[in-house]
Amino acid sequence: MDLTFTEAEEDFRRQLRAWLRANIPEEWKRPGFWESFDDDESFRLRREWERAKALAGFAGIQWPTEYGGRGGTPGMKAIYDEEMVLARAPRTVNPLGLTFLAPTVMAIGTDAQRKEIIGPMLRNEVIWCQGFSEPGAGSDLAALATKGVRDGDDFIVNGQKVWTTNAVHGDKIFALVRTEPGSTRHRGISMLLIDMHQPGVEARPLRQMSGASEFGEVFFTDARVPATDCLGEIGDGWRTAMLLLSFERGASGIAQYTEFRRQYDEIAAVAKRLGRDRDPVIRDRLARVLTELECLRLHAMYVLTQVECGRDLGSESSMTKLQWSETFQDLWEVFDDILGEDATLDSIGELDLRPMHTESMWSRSVTIWGGSSQVQRNITAERVLGLPR
Amino acid sequence: MYFALTDDQREFDAAVRGYLAERFDLAAVRGEFEDAVSAEPVGEGHPEALWKAAAEQGWPAVLVPEDHEGLGLGMVEAQVIARALGAGMVPGPWRGTVLAGEAIRLAGSDEQQADWLPRVASGEVVGALALRGSAPGTIPGVEYGRIAGVAVVRSGVGLALVERPGSYATPQRSYDGTTRLASLSVPDAGAVLPRASEAMIVELTARATVLVAADLVGIARESLSRTVAYDRERLQFGVPVGSFQAIKHALADLHVGVTMAEHAVLYAAYAVESGLAGRELAVAVAKAKAGDAALQSTAAMIQYHGGIGYTWEHETHFFYKRAKRLAGQFGDSDAQRQKIASLTLGPVSA
């Protein structure tokens with residue numbers, strides 16, 4: 001058992017921490033700061049900050065240096081994720097590109113794609129969207145209907161994507177498109193890399209129950225994409241998508257733990273302020289959440305150990321998703337119960353509850369996106385426990 | 001970062017489980033169980049061959065220092081054994097013996113250590129640890145109190161060593177036939193363990209709690225694995241019942257819960273062994289999580305076996321009953337959560 005990081009890893013932590021301390025203005029950490037801007041302005045600010053961070057060498061932590069990455073260890077990536085949360089750094093504006101597209105391009109992209117995609121993404125010159133879900137294809141992704149028809153060297157794309165993160169700020173979208181006429185289910189799909197700045201592509205914000213618009217809709221009306229802008233083979237898009245989604249395994253439980261634990265402490269402080277920490281039921285429920293948070297922290301250490309040992313976690317990543325998303329949701333349910341009959345108020349006395357309500361509403365989404373809890377349970381039951389389909 | 005068992009620890013685990021699979025399977029457990037709950041038990045739930053083999057393989061010696069002819073290993077290895085014994089429903093005084101040894105190691109005089117620890121390590125002496133009650137007086141729920149050669153009990157604020165406590169023992173009948181219990185009526189204070197202190201009893205309790213949690217998590221994993229195996233095969237409506245989503249989702253949730261409990265027990269063992277600052281929280285989390293996992297998993301074992309799971313002839317009830325008893329030891333999950341709340345929210349404010 002060794003629960004420490006190496007000296008090189010701790011050295012990396014010190015460098016990163018110093019850079020973050022020098023480069024995150026104090027006022028950015030004030031609750032409600034980011035909400036005081038309109039969406040475009042806040043996105044622009046975060047985009048520029050993240051670019052500066054990349055230029056300082058704090059991006060692509062585990063990527064090979066030949067792609068502009070840092071060539072770091074899995075431990076360094078875990079440290080990076082943790083320190084970003086501790087420093088209250090802005091969240092990345094390019095999450096789908098960095099987490100999913102880049103490693104897929106490194107694995108199966110052409111030389112031209114590697115060159116054109118990875119560097120500009122790292123510097124935030126291109127913001128990538130993911131075009132998977134459709135109105136008729138949610139958990140059943142293979143039901144997707146967006147069509148691409150061959151026209152000379154191009155595909156002409158028609159259809160609609162939904163739940164697209166950063167849709168209105170995106171520059172390009174990696175989209176699953178049915179390129180073989182008459183194909184069904186997993187066959188005849190291609191992953192096309194589509195320029196969003198063209199007349200045939202329209203992105204609209206999607207207003208969520210929280211009032212925010214992290215997600216959007218993307219409409220394709222005779223959008224044009226060169227057939228060479230296909231990641232993986234044409235018609236082999238399902239396999240490309242499965243490879244791409246497998247990179248979620250690196251998703252860092254330690255960052256989630258760090259963030260949720262801070263939220264737990266904030267919620268506990270509210271409970272004390274309102275005298276609700278004396279209620280034995282509330283105490284029990286907070287202790288239940290803390291127990292699950294501790295388990296999440298330990299699970300993150302377990303996952304990191306497996307990664308460092310070169311083991312493939314495969315479908316076990318469903319367990320990670322279930323543990324963090326269900327715990328996060330439970331945490332915010334306790335918060336509502338602490339507030340009791342004042343649960344929906346914007347404020348209690350001097351206490352502004354709105355930023356916490358935003359998190360509470362967001363917690364309803366996390367058990368849906370990225371594979372709903374029900375899908376994760378199916379995967380766990382069938383692929384980990386071996387129960388029959 | 002390395003949060004997992006080492007190869008050596010895994011081999012140790014495989015050796016314990018391998019022995020149990022070949023030489024002391026559930027049929028053997030049933031023999032002891034039936035005797036324990038019979039009107040007039042003939043045995044003491046302490047099969048000689050099993051204890052001999054355990055001693056040969058070093059199970060009771062795991063925490064005894066090498067100076068006293070033990071293996072000098074730590075709590076991480078001890079929880080490996082405890083888990084395997086829980087998974088196997090194994091009867092016998094292993095935990096009590098190891099913990100009595102720990103009490104003597106932590107609180108005993110040099111003479112007491114030299115006298116007892118080598119005999120604990122070799123399996124010559126069976127031990128018991130009882131932290132309820134106080135001597136002189138009645139000490140309830142002592143595992144294998146009738147056959148123990150030595151029991152460590154509370155005496156006022158300290159600890160005392162009672163030799164051959166069997167002479168003060170009255171058997172306590174329990175529906176958990178995998179373990180024998182006795183109540184001790186100790187007439188005098190016994191021999192004092194001179195280095196006992198409040199802090200030391202806290203440490204001892206933490207170690208005992210981790211080993212109980214490890215047994216529980218072993219029960220939880222084994223009962224889940226057996227249920228999954230059964231539901232893969234059991235046909236109803238022409239298909240395996242494990243293909244039904246209502247069952248799949250319940251078993252998937254249990255798998256997540258049991259896995260988290262395994263992490264929590266492993267970490268608590270390491271935290272106690274290494275004296276980590278957060279060990280008190282780690283132990284409470286481990287016991288709460290392992291207790292819940294075992295109770296849920298064993299109840300699910302009955303439910304998802306259907307009618308056969310409610311019969312005496314099936315082994316489900318061994319798992320369920322052992323979990324019921326152990327979940328209450330050293331503070332049940334509710335009590336652990338009260339502790340967790342105190343550790344993270346502070347005591348209840350005025």
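Predicted model: local features only at pLDDT ≥ 70, side-chain atom pairs only at ≥ 80, totals over all residues.
**Entry 1**

I began with residues 129-222 of chain A, where the chain is 0% helix and 50% strand and the end C-alpha atoms are 19 Å apart. Helices (H or I, at least four residues) and strands (E, at least two) are DSSP runs, numbered from the N terminus. UniProt lists these residues as "domain: Acyl-CoA oxidase/dehydrogenase middle", from an unreviewed entry. UniProt positions use the numbering used here, feature names are shortened, and annotations may be inferred rather than shown by experiment.

Residues are numbered from 1 along each chain as its sequence is written, and chains are lettered from A and ligands numbered from 1 in the order in which they are written.

**Entry 1: the N-terminal stretches**

For chain A, the UniProt feature "domain: Acyl-CoA dehydrogenase/oxidase N-terminal" (unreviewed entry) covers residues 6-125. That span is 61% helix and 0% strand, with end C-alpha atoms 34 Å apart. For chain B, UniProt places the feature "domain: Acyl-CoA dehydrogenase/oxidase N-terminal" (unreviewed entry) at residues 6-124. Here I read 66% helix and 0% strand, and the end C-alpha atoms lie 30 Å apart.

**Entry 2: domains of chain A**

I found chain A divided into domain 1 (7-93), domain 2 (128-235) and domain 3 (251-384). These bounds come from an automatic or database domain assignment. The centres of domain 1 and domain 3 of chain A, taken over C-alpha atoms, are separated by 23 Å. Eleven residues of domain 1 of chain A are in contact with nine residues of domain 3 of chain A (C-beta atoms, placed from the backbone, within 7 Å). On the domain 1 side, I listed six nonpolar, two polar and three charged residues. Ala, Val, Leu, Ile, Met, Phe, Trp, Tyr, Cys and Pro count as nonpolar, Asp, Glu, Lys and Arg as charged, and the others, Gly among them, as polar.

**Entry 3: domains of chain B**

Chain B is divided into domain 1 (7-192) and domain 2 (198-345). Their C-alpha centres lie 22 Å apart. I noted 30 residues of domain 1 of chain B in contact with 31 residues of domain 2 of chain B. Which elements give two or more residues to the domain 1 side? They are α2 (26-37), α4 (75-87) and α5 (94-107) of chain B. α4(B) gives the most, with ten residues. By class, this side has 20 nonpolar, six polar and four charged residues.

**Entry 4: two helices of chain A**

Next I took α7 (residues 253-273) and α8 (residues 280-308) of chain A. Their axes come within 9 Å and cross at roughly 165°. Axes are lines fitted to C-alpha atoms, for helices over the stretch in contact, and angles run from 0 to 180 degrees between N-to-C directions. That makes α7(A) roughly antiparallel to α8(A). Angles under 35 degrees count as roughly parallel, over 145 as roughly antiparallel, 65 to 115 as roughly perpendicular and the rest as oblique. Residues of α7(A), including F260(A) and Y264(A), meet residues of α8(A), including L286(A) and L290(A). By class, I read 14 nonpolar, three polar and two charged residues at this contact.

**Entry 5: where the chains touch**

35 residues of chain B are in contact with 38 residues of chain A. On chain B, α7 (198-233), α8 (245-274), α9 (279-303) and α11 (333-345) each supply at least two residues of the side that touches chain A. α8(B) gives the most, with 13 residues. I read this side of chain B by class as 20 nonpolar, eight polar and seven charged residues.

The axes of α8(A) and α11(B) come within 8 Å and cross at roughly 85°. That makes α8(A) roughly perpendicular to α11(B). Among the α8(A) residues here are R283(A), D284(A) and L286(A), and α11(B) brings D334(B), R337(B) and I340(B), among them. This contact has six nonpolar, two polar and five charged residues.

Most residues other than glycine have a negative phi, and most peptide bonds are trans. N166(A) has a positive phi of about 60° although it is not a glycine. N166(A) sits in the loop between β3 (154-165) and β4 (172-178) of chain A. In chain B, the peptide bond from A135(B) to P136(B) is cis, with omega near -5°. I found P136(B) in the loop between β1 (127-130) and β2 (137-143) of chain B.

Technical notes
Contact = placed C-beta atoms within 7 Å.
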